[in-house]
Amino acid sequence: MLGKRMRHINRYREILTVFAKHGFGYLIEDLGLSEMLSPSKRFFTDRKQLRSVGAKLRLALEELGPTFIKLGQLLSTRPDLLPSDIISELDKLQDEVEPFSFTQVEEILEEELQGNPKDFFSYIEKDSLAAASIGQVHYAKLKSGKEVIIKVQRPYITSVIETDLEILKDLATQAEQRLSWAKHYQVRDVVDEFAKILRDELDYQLEARNAEKFGEIFENNNEIYVPEVYWDYSTKRVIVLEYLDGVKINHLDELENRNHDKKLIANRITEAYFVQVLKEGFFHGDPHPGNFIILPDDVVAFTDFGIVGRLTPQMKHQFIGMLLGIIKKNPEMIVKAILKLGFVPEDIDLDSFKKDVEKTRDRYYSIPLGKISFGDAINDFFKLAYRYQIRIPPDLTLLGKTFIILEGVVKKLDPDISMVDIAEPFGKELFKEKFHPKNVLDFTWKSTSEYAKNLFNFTLELKDLVTILRRGKGKLEINVPQVDLILRKLDQIGNRLSFSIVLLSFSIIMASLIIGASFGDYQPLIWQLPLIEIGFGIAALMFFWLMFAIFKSGRF
């Protein structure tokens, strides 16, 4: 750690000085780093205006540049770490900076494309369309005449960010060693997560692949458009995309002047997000107004694919369960979904958690379904989970933040829109899909394999344990509650295996009977009895009897 501090001593001092200036000198003292500042700067504070802690933090992050602006934006998605008043301030972080020179743009293009930019582009606009902390965008034309935009990364930005990430990792380590709250919130893990997100954002080839994947998702959708990626001119530091001539979604007057249907646009954007989240498990994580362009016929174009979220099939199904729980105002569904979505501590008080879920649900109980804020409801339940130290995966916290921003965007287009109403048919359709016979069989087969594997491993471990005990090399102490728990677990494993095997057998028997009957003219051989129907009845009765017995025992 000391080596990192000495290697980046000037930047280290700059960071500490800025935080001290904005009123965080006490934190520098707690971290044991005040010796890095001169006595005059240790507790120097800008007292021109009385500001809240959130405002001071926002100003400090903006002054420290791109890495810290991005860090603030990430922290604004983490209600488990920061109170709502600080998060609302971090939402105001500005990522707009002075553009770098066109000469530098040409130099980067020449270096990345390994040739004179004039060999690839017939025209490049010298003034940038937009400039942010990591890169800026220019309008251009290819030699073929195609209109494109070129996104070019800032000079030396990677080395600047890597230096800042090293310092942040050092500060996080120091914090966990000296501050109990930092260890409790695992700030080093937060910094590691942030470093991965920021490094991904620095890789424009990854952004290009994200854009291409979105293009595949909406390939057959005439209401949503994704710009084409020009791979021949795209590298890690340069990305070239199709230029879209339309109206940005926050230019409401211009939308009206061009006779765009704002309600229709709001509905299309919302439906597109539910397709991404509930069907694909891959979603655009930055739905700010500048990232939507409206084309003729109210077609919605997505832009800027640097921040995306990914949901595993398990996360997606549990999120659907939570969504339906919110829609139906069913606390049991919500509790079940949250417990399966997050990492649950062993000592959690489940009874208290369930009661608090019901209290949170009651907040929405008297509100008509169409008036419920979808994003707020999701985040309220996530905040409750954090209070019980249930760790929600980062992609889900990003999803909660995404819905809050999205809801604000579409409400400006259509104040009467209800995201819950739009979500309901998606959730119900996917819930039915989950219980489709094919999906049930797939799940059963995977579960059976997993339980069989676990049972096999358990028997091997039990054999090893018995061998150790026989040789007198171990001591085993089991009280009555533990014995009962072990027996219940074994009973559950046996019941689940039985359930899976009978379900699979039932399916195979019926498939065999139906296939056999399909060959030629089917004629029952024994007393002209309808064997398929009788076989189906017997197998079904056995199957439902076993299910009833297992579920009645409460040990499934």
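**Rings and their surroundings**

Lys213 lies over the face of Phe282, 4.9 Å from the ring centre, where a charge is taken to sit over a ring if NZ of Lys or CZ of Arg is within 6 Å of the ring centre and within 35 degrees of the ring normal. Before I go on, please keep in mind that this is a predicted model, in which local features need pLDDT of at least 70 and side-chain atom pairs count only at pLDDT 80 or more, while totals for chains, interfaces and linings use all residues. Residues are numbered from 1 along each chain as its sequence is written, and side-chain values use heavy atoms, with hydrogens and water left out.

Now to the pairs. A pair of aromatic rings is described by the distance of the centres and the angle of the planes. Here rings of Phe, Tyr and Trp (its six-membered ring) pair if their centres lie within 6.5 Å, and planes under 30 degrees apart count as stacked, over 60 as edge-to-face and the rest as tilted. On that basis the structure holds 15 aromatic pairs. One of them is Tyr139 with Tyr243, an edge-to-face pair at 5.0 Å centre to centre and 75° between the planes. This pair links distant parts of the chain, 104 residues apart, since Tyr139 is in strand β3 (residues 135-142) and Tyr243 is in the loop between β6 (238-242) and β7 (247-248). Helices (H or I, at least four residues) and strands (E, at least two) are DSSP runs, numbered from the N terminus.

Are these two tyrosines buried or exposed? With buried meaning under 20% relative accessible area, exposed over 50% and partly exposed in between (1.4 Å probe, protein chains only), Tyr139 counts as buried because its relative accessibility is 15%, whereas Tyr243, at 27%, counts as partly exposed.

A stacked example is the pair of Phe319 and Phe403, so classed because the ring centres are 6.4 Å apart and the planes are at 5°. Phe319 lies in helix α15 (residues 313-328) and Phe403 in helix α19 (residues 394-413), so this pair ties together parts that are 84 residues apart in sequence. Phe319 is buried, with a relative accessible area of 2%, and Phe403 is buried too, at 0%. Elsewhere, ring pairs link Phe19, Phe24, Tyr26 and Phe68 into a cluster.

Strand β1 (residues 121-124) pairs with β3 in the antiparallel sense over three bridges, and Tyr123 has Lys141 in β3 as its bridge partner. Strand β2 (residues 130-131) also runs antiparallel to β3, joined by two bridges, and a hairpin of three residues connects β2 to β3. With strand β4 (residues 147-153), β3 pairs in the antiparallel sense over seven bridges; this hairpin has four residues between the strands, and Gly145 in the turn has a positive phi of about 95°.

**The helix of Phe319**

In α15, 12 of the 16 residues are buried, so this helix is largely enclosed by the rest of the structure. Among the buried residues are Met315, Ile320 and Leu324. After α15 comes Lys329, whose phi is positive, near 55°.

Key:
Two strands pair if DSSP finds at least two bridges between them.
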